[in-house]
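Colleague: I am new to this model and would like to go through it by question and answer. Please start with the cavity.

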Amino acid sequence: MEILLVEDDPSVAASVIDGLENASMVVRHVANGKDAISLAISTNPDLILLDLGLPDMDGQDVCRTIRETSSIPIIVLSARSEEIDRVLALEFGADDYMVKPFGMRELVARIRAVGRRANQSESAATPAIQVIGPLSIDRRTQRVLINGEDIYLTPKEFDLLAHLATDPGAVFRRNDIMSEVWDTNWYGTTKTVDAHVAALRKKLGNQDWIEAVRGVGFRLSIPDS
Ligand code: CA
């Protein structure tokens, strides 16, 4: 799971990051509301942990703003003095809330529970955005992001990537790629495919995104690093 942690207190952030990483979660950390909103939209995490007392914005407003465009699960973290209750948290769009100080075991359990609920309600709808590790592909807008950064692809590069992403990890034969992406049954040289693969790899920033399977074709895989 990929978690966006929004917390301005460095010591709380450090212990949460530590605990979540121990639970095999990937954590991206920001310390203010402005960055929280922009990363929530650009990186599309699986869940957001949102501290309510932020230096630049009220956490409730951050939550409402994210909710205008996204249904990413949000768990708010509040200090006891903020006297927030569950009803209020749900009213401004949070899925759950926790009062500081909390134990890591409980936090991890809540994250998993909220994540499961979100998955169940999402599986009914076709996701517009496909997320493969740090890569996200929006077929509707033809937008591709890596770690939240826009990658600019030519239409054919996009089609090639989208085609490989229909089944990440599966090997696609060169000739099949030719006919699917270039809409041609011309089984001559497949240098076009190779050239586009090379260009895509360069733009994705890591050769390993597209693995060549000798004598067969290519497959999409998440690089180790
Ligand atoms: Ca705070």
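Colleague: Which elements each supply at least two residues of the lining of the largest cavity?

Modeller: This is a predicted model, in which local features need pLDDT of at least 70 and side-chain atom pairs count only at pLDDT 80 or more, while totals for chains, interfaces and linings use all residues. Residues are numbered from 1 along each chain as its sequence is written, and side-chain values use heavy atoms, with hydrogens and water left out. Helices (H or I, at least four residues) and strands (E, at least two) are DSSP runs, numbered from the N terminus. The elements that each give at least two lining residues are α2 (33–43) and β7 (135–138).

Colleague: What volume does the largest cavity have?

Modeller: A cavity is a set of points on a 1 Å grid over the protein atoms alone where a 1.4 Å probe fits but cannot get out, and lining residues have an atom within 4 Å of a point. Grid points are joined across faces, edges and corners, and the volume is the space filled by probe spheres set on the points. A search of the whole structure finds one cavity of 30 Å³ or more. The volume of the largest cavity is about 70 Å³.

Colleague: Is Ser42 buried or exposed?

Modeller: Ser42 lies in helix α2 and is among the residues that line the largest cavity. Buried means under 20% relative accessible area, exposed over 50% and partly exposed in between (1.4 Å probe, protein chains only). At 14% relative accessibility, Ser42 counts as buried.

Colleague: What is the order of the five strands in the open sheet?

Modeller: Two strands pair if DSSP finds at least two bridges between them. Four bridges join β3 (residues 47–51) to β4 (residues 74–78), and these two run parallel. With parallel pairing, the order is β2-β1-β3-β4-β5.

Terms used
On a 1 Å grid over the protein atoms alone, a cavity is a set of points where a 1.4 Å probe fits but cannot get out, and a pocket is an open set with protein on both sides within 12 Å along at least five of seven lines; lining residues have an atom within 4 Å of a point.
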